[in-house]
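Subject: Structure handover and findings

Hello,

Please find the structure below, with its sequence. My notes on it come after.

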Amino acid sequence: MPQPIDVWFWPTPNGHKITIALEEMGLPYELKPVNIGRGDQFRPEFLAISPNNRMPAIVDPDGPGGAPISIFESGAILQYLGRKSGRLYPEDARVRVAVDEWLFWQVAGLGPMSGQANHFRNYAPAVTADQRQIAYGAIRYTNEVHRLFGVLDRRLADREFVAGDYSIADIAIWPWVKPWRGFGVDIAEFPNLAAWFARIETREAVQRALEKGEAVRSGPALGDSGADAEAARRLLFGQRAR
């Protein structure tokens with residue numbers, strides 16, 4: 001029996017990408033919680049496999065040549081898992097290019113822009129020395145997410161999935177559409193995107209991954225009040241070089 005892949009994980013969109021892929025591919029895995037609100041991402045044992053102190057990261061004990069391999073960055077992990085399993089990452093060069101295009105569209109565009117929209121809309125201080133700058137940030141990133149949702153809606157106008165068949169590109173994008181309410185956009189404006197989202201949401205592997213991911217959550221949510229939530233926000237939003 002293959003040994004399970006260790007998944008250093010917290011239930012965020014980037015974390016959910018990996019567990020959804022593993023569930024869809026039928027690869028055994030074990031979650032290693034990285035509580036980012038408590039600072040687990042700065043522990044030496046995690047930095048040894050993820051030098052950017054960001055989860056997710058994986059350690060596959062049965063890597064290339066039978067030797068263990070550690071991988072950080074969600075896009076690189078998805079490509080590796082697709083090659084390892086032979087699933088959801090097509091071998092045909094032209095089709096694989098399309099999957100890669102939309103995978104990198106997510107990691108370079110939708111993910112960062114959505115994260116910034118969520119931050120400025122939901123976590124920026126209510127009272128600051130310059131409210132105008134905070135408002136500009138919220139408007140700037142909300143508009144960019146709206147634009148990107150439009151790009152995705154047009155792409156899905158004549159297809160069920162973003163790059164032909166269901167693939168790691170869809171798996172990368174879907175968790176970053178899931179929190180759309182926090183981005184200040186309405187998914188109902190984008191009917192093709194909404195239909196695609198619903199198709200993926202009902203998949204059994206997706207539901208299993210979400211349930212397993214949420215089961216490890218502990219501690220206060222970032223939007224909560226209280227000293228613990230405030231400490232978590234300071235830890236996550238005030239990072240500088242170490």
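The notes go through a helix, the core, the aromatic pairs and the charged side chains.

Please keep in mind that this is a predicted model.

Helix α1

Helix α1 covers residues 13–25. α1 is mostly covered, with 12 of its 13 residues buried. Among the buried residues are P13, H16, K17, E23 and E24. Just after the helix, G26 has a positive phi of about 75°.

H16 is a residue of this helix. Its relative accessible area is 8%, and because buried means under 20%, H16 counts as buried. Leaving aside neighbours within four places in sequence, H16 is in contact with F9, P11, P175, L210, G213 and E214.

The nonpolar core

The largest nonpolar core has 67 residues. Those that touch the most other members are L81, F149, L152, V177 and W196. Two of these, V177 and W196, are also touched by L152.

Aromatic rings

There are 7 aromatic pairs in the structure. One of them is formed by F120 and Y141, which are stacked at 5.7 Å centre to centre with 20° between the planes. This pair links distant parts of the chain, as F120 is in helix α4 (residues 93–122) and Y141 is in helix α5 (residues 131–155), 21 residues apart. F120 has 23% relative accessibility and therefore counts as partly exposed.

Another aromatic pair, Y123 with F237, is tilted: the centres are 5.4 Å apart and the planes are at 40°. Y123 lies in the loop between α4 and α5, while F237 lies in helix α9 (residues 227–237), so the pair ties together parts that are 114 residues apart in sequence. Y123 is partly exposed at 23% relative accessibility, and F237 is partly exposed at 36%.

Arginines also lie over aromatic faces. R199 is over the face of F161, at 5.9 Å from the ring centre. R203 is over the face of Y166, at 3.9 Å from the ring centre.

Salt bridges

Side chains of opposite charge can pair when their charged atoms come close. The count of salt bridges comes to 11.

R203, already mentioned for its place over Y166, has a salt bridge with E24 (2.7 Å, N to O). R203 lies in the loop between α7 (191–201) and α8 (204–214) and E24 lies in helix α1, so this pair ties together parts that are 179 residues apart in sequence. R203 is partly exposed at 28% relative accessibility, whereas E24 is buried at 8%.

D40 and R38 also meet in a salt bridge, at 2.9 Å, N to O. D40 counts as buried at 5% relative accessibility, but R38 counts as exposed at 53%.

Within helix α5, R140 and E144 are 4 residues apart, about one turn of the helix. Their side chains form a salt bridge at 3.9 Å, N to O. An α-helix has 3.6 residues a turn, so residues three or four places apart point the same way. R140 is partly exposed, with a relative accessible area of 36%, and E144 is buried, with 15%.

Finally, salt bridges link E23, R208 and K212 in a network.

Regards

Definitions and conventions. Residues are numbered from 1 along each chain as its sequence is written. This is a predicted model: local features need pLDDT of at least 70, side-chain atom pairs count only at pLDDT 80 or more; totals for chains, interfaces and linings use all residues. Side-chain values use heavy atoms; hydrogens and water are left out. Helices (H or I, at least four residues) and strands (E, at least two) are DSSP runs, numbered from the N terminus. The expected span of a helix is 1.5 Å times one less than its number of residues. Buried means under 20% relative accessible area, exposed over 50%, partly exposed in between (1.4 Å probe, protein chains only). A nonpolar core is a set of buried Ala, Val, Leu, Ile, Met, Phe, Trp, Tyr and Cys residues joined through side-chain atoms within 4.5 Å. Contact means heavy atoms within 4.5 Å. Rings of Phe, Tyr and Trp (its six-membered ring) pair if their centres lie within 6.5 Å; planes under 30 degrees apart count as stacked, over 60 as edge-to-face and the rest as tilted. A charge sits over a ring if NZ of Lys or CZ of Arg is within 6 Å of the ring centre and within 35 degrees of the ring normal. A salt bridge is a side-chain nitrogen of Lys or Arg within 4 Å of a carboxyl oxygen of Asp or Glu.
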